[in-house]
Amino acid sequence: MSSELKVKIKRSFLDYKRNLHLHPDFIKFEDKDLANDDSTFFKVNEIKEFRYGITFYQYKFVFGREYQLFIKNSNNKILKINFNTYLGIKKHECHELYSNILNSLWDLYFKDKTLSFIEKFQSGESFLIGDVNITQEGVIIEVSKLFKQEKKLILWHDIAVRKYNTYISIYSKENSLDFNRGYSYKNDWNTFVLYNVINNIIENKNTN
């Protein structure tokens, strides 16, 4: 298990420094402004999903960035960690802070969840990651048709997954034009978990 991370987050220029504590047993973030209720606290067994990304603010050129990380617990309560940089001020420090938090979230909480999903598959179970249904036959995704979304099963011998900077793509190798779906790290829950689970299953099937 990775070691804990303690950092301070200043969400905006006028904000004060807030304590973020990522511990193997919990997450605690001083995200509120009320005197008697200043922190959100998630126990490790409550942590369910995460998503993350960078919003760029621009007018002819990029003048600001907002780094965003969201963690959802089993009661669907969402903890938001965010901070800004404008006109390049402390851009490198902010990006390093973002990377450190993201790496710690993965190492402390979501790497184990990924391994748990892989073990479920190996034991013959089916399960959902976000709105993707992973079964012993293949992966069921929703693909866009003319007037609606339609569920499509892509069999394991036919499925492929690719990772990009801001999203992943799951698609049929035989008919990628019609049967494909992108999942954003920023907008879709547990996208990085989804990528690692599917990629691991494909690699194991190819090896065997």
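Is Tyr 185 buried or exposed, and what is its relative accessible area? Tyr 185 is buried, with a relative accessible area of 7% (buried means under 20%, exposed over 50% and partly exposed in between, using a 1.4 Å probe and protein chains only).

Before the close-ups, a word on the model: it is predicted, so local features need pLDDT of at least 70 and side-chain atom pairs pLDDT 80 or more, while totals for chains, interfaces and linings use all residues. Residues are numbered from 1 along each chain as its sequence is written, and side-chain values use heavy atoms, leaving out hydrogens and water.

View 1. Phe 50 belongs to strand β5 (residues 47–58) and Phe 110 to helix α1 (residues 91–122), 60 residues apart (helices, H or I of at least four residues, and strands, E of at least two, are DSSP runs numbered from the N terminus). Both residues are buried.

**View 2. Tyr 52 stacks with Tyr 185.** Here the centres are 5.5 Å apart and the planes 15°. Tyr 52 is in strand β5 and Tyr 185 in the loop between β14 and α2, so the pair ties together parts 133 residues apart in sequence. Tyr 52 is buried, at 10% relative accessible area.

**View 3. Ring pairs build a cluster.** Its members are Phe 50, Tyr 52, Trp 106, Phe 110, Tyr 185 and Phe 192.

Note on methods. Phe/Tyr/Trp six-rings, centres within 6.5 Å; stacked < 30°, edge-to-face > 60°.
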